Every structure is written in structure tokens, then in C-alpha cells.
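Have the model open as you read.

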Amino acid sequence: MTDGALIVQSDKTLLLEVAHPRAGEARAAIAPFAELERSPEHMHTYRVTPLGLWNARSAGYDAEQVVHALIEHSRYPVPHALLVDVAATMDRYGRLLLVKDGGNLVLEALDQAVLEEVVRNKRIAPALGARLGPGRVRVHPSERGRLKQELLKAGWPAEDRAGYVDGEAHPIALTPHGWALRPYQEQAVEGFAEGGSGVIVLPCGAGKTLVGAGVMARFGTTTLILVANAVAARQWRAELLARTSLTGDEVGEYSGAVKQIRPVTIATYQVLTARRQGAYRHLGLLDARDWGLIIYDEVHLLPAPVFRMTADLQARRRLGLTATLVREDGRENDVFSLIGPKRFDAPWKDIESQGYIAPADCVEVRVALPTADRIAYATAEAGERYRFASCHPVKDEVVRLLVERHRGEPTLIIGQYLDQLEALAARLDAPLVTGKTPVRQRQGLFTAFREGRTSLLVVSKVANFSVDLPEASVAIQVSGTFGSRQEEAQRLGRLLRPKGDGRGAHFYAVVTRDTADAEFAAHRQRFLAEQGYAYRITDAGDLSSPAGP
């Protein structure tokens, strides 16, 4: 028995004692391969999963390092069977290889028995062709992506070494005048370049766009960039023109309003998935040029139809950028097999400790429903309770007090429900930005916020992702998309750009106690707890005190 912060259990759960002096060290050690499941006050529960171990393996970790992390930080002896299982699971990655042999795509096995198992799998067999000798079988090139999906489901993730077409060459250079890629950004570019396809995970505000630009410069090829919305498209364009040798004539926008195809083309997921009479209208964009690189911004938001399209793009280099690999639809396996494994992951607290993102104070403010409305909540239909609790006007005064406490500081009020946001905007006399706000007006309000002409904005979920508001230092969340962990991460991320005066950020979640609102809030906080952000809890009644949060 040692004084470790972890309790490692035979069911592959890891219990982390939050108050332990080495809790932060232990959290960092297990983060590459374990996923946080629950995060109450004193003991956080992580789980070791095959996908987590395979992602760690593809990122350069081996079983010995994982076993060492468990033993080093465990308070009690680690169950031997778990250690054996970790080693066996990680050993499954790479027993099957996808390689190029002349003009053929070949599935090659380092273990003949594994090949015999998969060729007899009814879901895998249709993707395979003729035997080419012991341990080798031809693969239909069009099935490269779907084969990787099915092999992953069968528990034998293939390492794709078949390479990629270079695509149409197009010189791109970084123009580091007064700036340079940060060390972790350079590591991310190198990590991707070694693998050729995969996902880079960086906190919001840590410069994922610059990593994308660095990868583009590294390969010097035509690039298709897929983004969440038109605002994000224009931010990418502005950043590329400012940071690279690309000119305005070389960067095109392909969205609902503009249809430009240039050597570097930025398109929205929405336009790519638009359908007419059952057919995808803009699917030809994927073949419009001989793309050498495809970048998926906010890959955790990738729509399901784009996964299917991506299965046909396996000969192209693919880069996914995200702050969190958490997907609420559970399609992390598809990200792994179709975009690629995780190539680089920088823990949020590590980047914060280096001064590249701002420290954040996370506070959950709990407010009680009035007695009469507690009865109304209890008798409401199950499907209506969350909205009832999330949008209750009892939150409005709490928001006003928080805004008053941070008067003059750049503040965002963020929510899910438009009627709630409209009421708050009217009460606080603040501009409101929603999906209905015209893009030009939206950009004007964001510009006013950046320039300090407006210090308070009320925003809907359009601000969850790909909105560059580096000056924001306070966010007040009044409602969210049920228990979305990715949304919570994106919203906190709006605040993490470092402030010129060294100020930290304040993130408030206003929650009605003893309701579904509180239950979903606890779920939303899981990812941030995994990154080392602890929520302080305070009562709304304490806000009138000068010594409040």
C-alpha cells in the first residue's frame, strides 16, 4: 500500500481522490488513456476503455507507460488481471496494417490467426479481395474507410500505413512577423505530419487555427477546410491571410451565400450536407480539385453524413481539430477510424501553466425555485421539466447581480432558449446575438465587443464554437443543451484567451437546485473536471455579499 491518489479497480474504473496532494499529477498521468465518468466533490471516477488505450497507443504511448502510471499512482496493488488486459488491448492496435504494394491496397497481418478471423467476419469480408499470400489480402480502395470502421468494431483496429496522394501542389508559407508557433503548436504539427491523418486536441484559445496553418505550410498542397458556420469561415480566412503567404485570390469561401472554389477553399458543414430531393447538392465540392489536405474544424461537431463522405476520402490527408473528442452521439469510434487517431493532446492546465491560456474560476450558482413553482415543476410532464427549470425567471436577478459585480468587464451571457435570452437582453439593455441575427450584424456586434464599445453581449449557442472573442473575461451560463460536455468546454473556451493585464476568467453556471437543470449541469461539467477545472458551488443568496464568488 502506498500513498497514491488513485484506487484502481478490477472493473477498469479508477477512483481519483480530489483532495489528495498528488491528485493533479495522477490526473495528468491517466488523461491520455482514461475517460472521466463521474465527478462529485471528493472522488472522481475514470474508466479505462479500449478506444482510450488505442488512442494512447497511436499517440506514442505503450503498455509499459500505461501500466507504470497505474502502479505509480495507485494506493493499493493494481489487480494483475487489469494490467494483463491493458497490455493485451494495446497490443491489438497494429496487428493489422493497411499498406500500399505497388498499385494495390493491402491488408497485412502480423498475426495470421487475426487475419483468418477478420476475413471470415460477414461485415468485413465484402471489403476484401483476393489473397496475396500468407498474411496478406487485397482491399478494394473504395472500402479503405469502411474497412477501418468494421475492423475497429471487431476489436482489431488497423494501423493505416497506406499513405496519401500528394494532391495538387500549392505553395503555402507561414509569415511569422512578430509571432511564431508556440512549442506545443510545433509539436502538434510534427505529431500530425508523422501520421499523415488524425486529430489534434487543444484547448479553446490555444491557437488551433495556427496549427492548421502550420500543417498546410508543411505539406504545401491544395486544402479544403470544413467549418461549423459562415462566421467561422470568415475568421479562418482572415487568419490565413494574416499569418500565411496566401492572398485573397487564393482563399475561397463556399457557403450558403458564396460559392468560390480556390486552391484553399473554406466550406461549412451545413452547405456540404444540404440535400435536394434526397441527394447531397454540393457533394461535388469534394472532387472539385485534387485536394491534398482536408481540415475538419471542430471535429466533435462533424455531422453524421460527413462521416459517410469521409469514408471515400481515405487517400487524402485528414486533420481534425477540436478542444474535446467527446461526442454526445457516441461516434468517437468513427472519428478514430475515418478521420484518424489522436495525434496530439495538450491538457488544458498544462497550457494554462505555460501562460498561453488564461486561468479560469468556475462557479456554480444555485438558486431555489419558489415554493409554488416547485409544485408546478413536480407536476409537469417529464419532457417539460428541464426547460421549466432552466428558464425560470428566478435566474434573472442572479444574472443581474453577476453583471453588476463585473461591471465594465467584457461579459457574455450564454443560453439555449431564445425566449429566455430575449427577456434577459431586454432587462439588461444588452445586444442579443442568435442564429437569426444576420451575419453582417452579428459580425458588427462581435467587432464592437472586441473593440470595447460594448462590454455585454447576450448570445445563443451560435457562440459555442468558432467565435473569436479574445477579450471576453466573464461568462454567465443560464441554460445549456441538456448534459452536453462538449458545449460546456466550448463555452468556457470563449474566456481562455490570455488577457493583456494578466486577469483570469470567471465562468458562472446559474442552476436551479433540486431539478433536472442541476442534474444535467453535473454531467456537463465532467469534461472540464477531467481537465482539472473544479467548480465552486455558492448559493444565489450569497451574491449580495461583497465576499461572494
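The largest nonpolar core has 56 residues, and the ones with the most contacts inside it are Ile-200, Met-216, Ile-225, Leu-240, Leu-492 and Tyr-533. A nonpolar core here is a set of buried Ala, Val, Leu, Ile, Met, Phe, Trp, Tyr and Cys residues joined through side-chain atoms within 4.5 Å. Buried means under 20% relative accessible area, exposed means over 50%, and partly exposed is in between (1.4 Å probe, protein chains only). Helix H8 (residues 208-219) gives the most to this core, with five residues. Another core lies apart from it and has 25 residues, including Leu-53, Val-66, Leu-82 and Val-86.

A word on what you're looking at: this is a predicted model, with local features needing pLDDT of at least 70 and side-chain atom pairs counting only at pLDDT 80 or more, while totals for chains, interfaces and linings use all residues. Residues are numbered from 1 along each chain as its sequence is written, and side-chain values use heavy atoms, with hydrogens and water left out.

Back to Ile-200: leaving out residues up to four places away in sequence, Ile-200 touches Ala-188, Phe-192, Val-211, Leu-319, Gly-320, Leu-321, Thr-322 and Phe-344. Contact means heavy atoms within 4.5 Å.

Now for the sheet. Four strands form an open sheet in the order S1-S2-S4-S3, with antiparallel pairing. Helices (H or I, at least four residues) and strands (E, at least two) are DSSP runs, numbered from the N terminus, and two strands pair if DSSP finds at least two bridges between them. S1 and S2 pair in the antiparallel sense over three bridges, with Ile-7 opposite Leu-15 in S2.

Helix H1 packs on the sheet, touching S1, S2, S3 and S4, and its direction makes about 155 degrees with that of S2. Axes are lines fitted to C-alpha atoms, for helices over the stretch in contact, and angles run from 0 to 180 degrees between N-to-C directions.

| Element | Residues |
|---|---|
| strand S1 | 6-8 |
| strand S2 | 13-17 |
| helix H1 | 23-30 |
| strand S3 | 34-38 |
| strand S4 | 43-48 |

Which residues of H1 are buried? They are Ala-23, Ala-26, Arg-27 and Ile-30. These cover an arc of only 100 degrees around the axis, so they sit on the same side of H1; the arc is that of the directions from the helix axis to the C-beta atoms.

Finally, Gln-112 lies in helix H5 (residues 112-119). Gln-112 is partly exposed, at 34% relative accessible area.
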